[in-house]
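Please look over the chain shown here before reading on.

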Amino acid sequence: MNDVADLRAKHLAAIAAAGDEAALEEVRLAAIGKKGEVALALRGLGAMSPEERQVAGPALNALRDEIVSALAAARAALSDAALSARLAAEWLDVSLPPRPAAQGTIHPVSQVMDEMAAIFADLGFAVAEGPQVEDDWHNFDALNIAPEHPARQEHDTFYMARAGGDNRPPHVLRTHTSPVQIRAMQAGGVPIRVIAPGRVYRADYDQTHTPMFHQLEGLAIDRDVTMANLKWVLEEFCRAMFEVDGVELKFRASHFPFTEPSAEVDIRCSWKDGQLRIGEGDDWLEILGSGMVHPKVLASAGVDPDVWQGFAFGLGVDRIAMLKYGIPDLRAFFDSDLRWLRHYGFAALDVPTLQAGISR
Ligand code: DAH
């Protein structure tokens, strides 16, 4: 019976030593497979004497059963271990912060335009738009800028190329947002209260001028709109925009072809350590042009100047953004330098509202 004891010791040890499914299968074949040692021994029972068989038979059968259940137990243990290993390896810490996704930022010009739109919406102004490629009638003539008027030269206008024989009226890249005044009145009539933010173009390039820049036009026409309304609207606007209660504006007599009377508006400020402070100090900074809309402008938009009157103003959006956010060079606005955009840009969810703060 030593044989059976030897077989048992050998195969149970092999099962215990098997490190994976393949090794177990090898052990199974070697023990109880067709040509396995235990299977062969069982087959040898027939050649034994009845006495021998009586002893060896039950012992070998018991051994085979023992090996079968040892194999099953070892297999179960292996798959438990595999599962534990997977659980340990695939463990996920859901409390970790997510990896930051590369996020774009809102350009300061877009942010400032949104801020302006929010402020003027609160004052009852809708947003109007016009084409950037404008006919010279809307850009100049309708605004009382005659062909020989010096303003046509001063604006350093980009003219659209025309092939010889093309007799369509000349088109320009609009030099200001003022033509939107005409288009808005033509489209919607009066009374009207609109702002028109957008791109404008002039052939000019230095630290404070780029060939493309942004303006915001304002227009309010009704039966009895006066310069006092203009003053109040601009003061309210500056107070909200610069987030200073004590803003002080100075209206300086000026001239624009499309307004009469005309005023340029300066804001009280000071420069301290290279920092601009609005509303205090002894300096005045020009921020916009304005005036009462010229009767000829109303007439060219089909509005009766004997019944209707109102004000208009135009300001440089980029310049306001530079002032408000302390950005020194205008040209950097349009370089598309990602480091600049990350530094000066705004988070996409910081939407300006009067309640939550215009420039959080
Ligand atoms: N269009 C003028 C410019 O580009 C700005 C301006 C001045 C607009 C006075 C106005 C205004 O509406 O009343 O320089």
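**Rings, burial and overall form**

In this predicted model, one aromatic cluster is formed by Phe 120, Phe 125, Phe 237, Phe 311 and Phe 313.

Q: How many aromatic pairs does a search of the whole structure find?
A: Two rings are taken as a pair if their centres lie within 6.5 Å. When the whole structure is searched in this way, the number of aromatic pairs found is 9.

Q: Is the aromatic pair of Phe 120 and Phe 125 stacked, tilted or edge-to-face?
A: A pair of aromatic rings is described by the distance of the centres and the angle of the planes. For Phe 120 and Phe 125 the centres are 5.4 Å apart and the planes are at 70°. Planes over 60 degrees apart count as edge-to-face, so the pair of Phe 120 and Phe 125 is edge-to-face.

Q: What kind of aromatic pair do Phe 333 and Trp 340 form?
A: The ring centres of Phe 333 and Trp 340 are 5.3 Å apart, with 50° between the planes. Planes under 30 degrees apart would count as stacked and those over 60 as edge-to-face, so this pair of Phe 333 and Trp 340 is tilted.

Q: Is Trp 340 buried or exposed?
A: Buried means under 20% relative accessible area. Trp 340 has a relative accessibility of 11%, so Trp 340 counts as buried.

Q: Which strand holds Pro 197, and which residues does Pro 197 touch beyond four places away in sequence?
A: Pro 197 is found in strand S4, which covers residues 192-201. At 18% relative accessibility it counts as buried. Leaving out residues up to four places away in sequence, Pro 197 touches Met 113, Val 127, Ala 128, Gln 215 and Leu 216.

Q: How far apart in space are Pro 197 and Gly 314, C-alpha to C-alpha?
A: In sequence, Pro 197 and Gly 314 are 117 residues apart. In space, the distance between them, C-alpha to C-alpha, is 9.4 Å.

Q: Is Ser 270 buried or exposed?
A: Ser 270 lies in strand S7, residues 259-272, and among the residues that it touches are Gln 275, Leu 276 and Arg 277. Its relative accessible area is 9%, so Ser 270 is buried.

Q: Which residue just after H8 takes a positive phi?
A: Helix H8 covers residues 179-188, and its buried residues include Val 180, Ile 182 and Met 185. Just after H8, a positive phi of about 70° is taken by Gly 189.

Q: How many helices and strands does the protein chain have, and what is its radius of gyration?
A: The protein chain has 12 helices and 10 strands. For 360 residues the globule rule gives 21 Å, and the chain is well over that value, so it is more spread out than a compact globule. The C-alpha trace spans about 135 × 60 × 40 Å along its principal axes. The radius of gyration is 43 Å.

Q: What share of the 360 residues in the protein chain is buried?
A: The accessible surface of the protein chain comes to about 19,600 Å², and 54% of it belongs to carbon and sulfur atoms. Counted by residue, the buried share of the 360 residues is 40%.

Q: How far apart do the centres of the positive and negative side chains lie?
A: The protein chain has 34 positive and 51 negative side chains. The centres of these two sets lie apart by 6 Å.

Key:
Residues numbered from 1 in each chain as written. Predicted model: local features only at pLDDT ≥ 70, side-chain atom pairs only at ≥ 80, totals over all residues. Heavy atoms only, no water. Helix = DSSP H or I, 4+ residues; strand = E, 2+ residues; numbered from the N terminus. Rg over C-alpha atoms; globule rule 2.2 N^0.38 Å. Buried < 20%, exposed > 50% of the residue type's maximum accessible area, 1.4 Å probe, protein only. Areas by Shrake-Rupley, 256 points an atom, 1.4 Å probe, with all protein chains shown as cover. Lys, Arg positive; Asp, Glu negative; His and termini not counted. Charge placed at Lys NZ, Arg CZ, Asp CG, Glu CD. Phe/Tyr/Trp six-rings, centres within 6.5 Å; stacked < 30°, edge-to-face > 60°. Contact = heavy atoms within 4.5 Å.
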